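Please open the model in your viewer and keep the sequence panel beside it. The tour goes from stop to stop, each time saying what to select and what is found there.

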Amino acid sequence: MYNPETLLNVGGFISILAIVTISILLVLKIDKAAQLQVEVDKLNKSLEEMDEQSKLVVRTDLELNRTQEELDKKITGLYALQQLSREMSTTLEESQIFERIDASYLEDLGFEKALAFLWDEERKGFSRQLSLGYQEQDMYSAESFVAAYTGEFVGIIKNEKIVSCLTSSKIGAFQELLPTAFKANLFVIAPLLPKDGAKGFLFVGINDKEATINEGDEESISILANQIGQSLENARLFEKTWHAHQELEKRVEERTRELSHALEEVKNISQRKTDFVSSVSHELRTPLTSIKGYASILLAGKLGALPPEVNLRMEKINRHSDELVQLVNDLLDISRIESGKVTMKLGEQNLKKTADEVMDLLGVQSKEKQIQLVNKISDDTVMVLADRNQLQRVFINIINNAIKFTPAQGSITAACKKIENNYIQIDITDTGTGIPLEAQKAIFEEFYRVDNLINQQVKGTGLGLALVKHIIEAHKGKIWVSSKLGAGSTFSFTLPQPA
């Protein structure tokens, strides 16, 4: 049998062992619980972080949506502005500019209503140009408000700045009345500022209490106002230019009529002068012929010998009669050419041969003054289409004139060259006294003579170069002179070549 004391000791040992075992288990449980708590804390923290990230994602998504909406609105507005700009640029009439702005463009810009006013100088007030989104009664109410607060709106135009509900504190005491007067909780007012003419303002608004506007909306309306101002400026400039053009055309037409009438008068006067000169010249020929005839009879001694003094005077009468006959002939020739009564007998003329003949004819005069005549037209094949007798008269008059004004030991040279349009240019150059610049255009006028010492000593009628000019122009050519005092002159004229 077991000893009771032994059993008691064994039982105690088992109890202690059980307690120890339980304690160890409890410690293990406590450690496990602590570990689980740590895991729970980590999980809670992760959940909290995920929650914050979720909220951030939601906020970011909302912000992106708002940004996208704003961007879409901006793009739509810009496209609308571009379309409006094209529409307004298609007209140059001021009355049609505001007609190009319709409700669809206004909606694309994010607004429901619009009014535009321009200053009317006659009425000393604003005149409505545009109305969108308003009933008739509301429109008249807005007009009455504009009339009552004209000074404030003029101030907005003078400041040249955008005004809106975002900056309403800056637009004066009537700011609180604007939403009611214009039936718009949100609004933008932009001045219309063309450089010339009447200025005004553009009002756009939204009556929706849930709607919003921002600085981008202000900017869009500012761009629209600038476009309207530029279109108004272009239309007014065009109208001004058109009126100026019409006035100019009217003046040109009136001036043309006056000039035509004056030209007709000049033609009539010229014709009367030509007829008068021709008539007088013919009338002069008869007595001149008689005077010269009687002078020739007396000088010939057919009526008896004349005393020396009488003979000398008769020679002067005969010589002056020849000069008068030449004058009358020149006047008649000019009159006939001007009136078209002289027909040029055109044919192929050899320039070298013609110049040689004239220089031979005038050789005695040139030798007496010790002046050398030089013909540099060396090509015998240079031909022109001209009247032979009239061509000789041209050379005779120009060279003879040069002999008068060229001092001893001088020279007179004829040359030619081909120019465009199948013409030949003939140049006759002398080493004479030259012609003043102010006289170079007048020397081809009838009876004009340069006022110098030589002309005071040398007799002349002032018809030679005028006759030459008429002859050249009758050949479809031109004549001019280039000269310098003390350095000689060059008379140039053109004649056509044979086809």
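What follows begins with the whole chain and then moves through single elements.

**Before you start**

This is a predicted model, in which local features need pLDDT of at least 70 and side-chain atom pairs count only at pLDDT 80 or more, while totals for chains, interfaces and linings use all residues. Residues are numbered from 1 along each chain as its sequence is written, and side-chain values use heavy atoms, with hydrogens and water left out.

**The whole chain**

Show the protein as a cartoon, and you will have 13 helices and twelve strands in view; helices (H or I, at least four residues) and strands (E, at least two) are DSSP runs, numbered from the N terminus. Of the 499 residues of the protein, 34% count as buried, where buried means under 20% relative accessible area, exposed means over 50%, and partly exposed lies in between (1.4 Å probe, protein chains only). Among the contacts in the protein with a separation of 6 or more, 68% come from residues 24 or more positions apart, a contact being heavy atoms within 4.5 Å.

Select residues 113-120, strand S1, together with residues 125-132, strand S2, which pair in the antiparallel sense over seven bridges; two strands pair if DSSP finds at least two bridges between them. S1 and S2 form a hairpin with four residues between them, and Lys 124 in the turn has a positive phi of about 55°. Now pick Trp 119, whose bridge partner in S2 is Phe 126. Both of these residues are touched by Thr 150, not counting residues up to four places away in sequence. Thr 150 belongs to helix H5 (residues 150-159) and is buried, at 18% relative accessible area.

Not counting residues up to four places away in sequence, Glu 218 touches Ile 162, Ser 164, Leu 166, Thr 167 and Val 188.

Then select Arg 236 with Glu 94, whose side chains meet in a salt bridge (3.1 Å, N to O). Arg 236 lies in helix H7 (residues 215-299) and Glu 94 in helix H2 (residues 94-97), so the pair ties together parts that are 142 residues apart in sequence. Arg 236 is buried, with a relative accessible area of 14%, whereas Glu 94 counts as partly exposed at 27%. A salt bridge here is a side-chain nitrogen of Lys or Arg within 4 Å of a carboxyl oxygen of Asp or Glu, and the count by this rule comes to nine.

**Helix H9**

Which residues of H9 are buried? Select residues 351-361 and look for Leu 351, Thr 354, Ala 355, Val 358 and Met 359. Seen down the axis of H9, these buried residues fall within an arc of 125°, so they line one face of the helix; the arc is that of the directions from the helix axis to the C-beta atoms. The face turned away from this buried side carries the exposed residues Lys 353, Asp 360 and Leu 361.

At the N-terminal end, Asn 350 caps H9, with a side-chain oxygen 3.0 Å from the backbone nitrogen of Lys 352. The side chain of Lys 352 also meets that of Asp 356 in a salt bridge (3.6 Å, N to O), and these two residues of H9 are four residues apart, about one turn of the helix.

Arg 388 lies in helix H11 (residues 388-405) and Glu 357 in helix H9, so the pair ties together parts that are 31 residues apart in sequence.

**The five-stranded sheet**

Finally, show the open sheet of five strands, whose order is S7-S9-S10-S12-S11, with mixed pairing. Strand S7 (372-375) and strand S11 (479-483) stand at the edges, each with a single partner strand, so one side of each is left without a neighbour in the sheet. S7 and strand S9 (residues 411-419) run parallel and are joined by four bridges, and Val 374 stands opposite Thr 413 in S9. With H9 still displayed, you can see that this helix lies across S7, S9 and strand S10 (423-430), running at about 170° to S7; axes are lines fitted to C-alpha atoms, for helices over the stretch in contact, and angles run from 0 to 180 degrees between N-to-C directions.

Note on methods:
A polar contact is a pair of N or O atoms within 3.5 Å; within protein, one must be able to donate a hydrogen and the other to accept it, and residues adjacent in sequence count only if both atoms are side-chain atoms.
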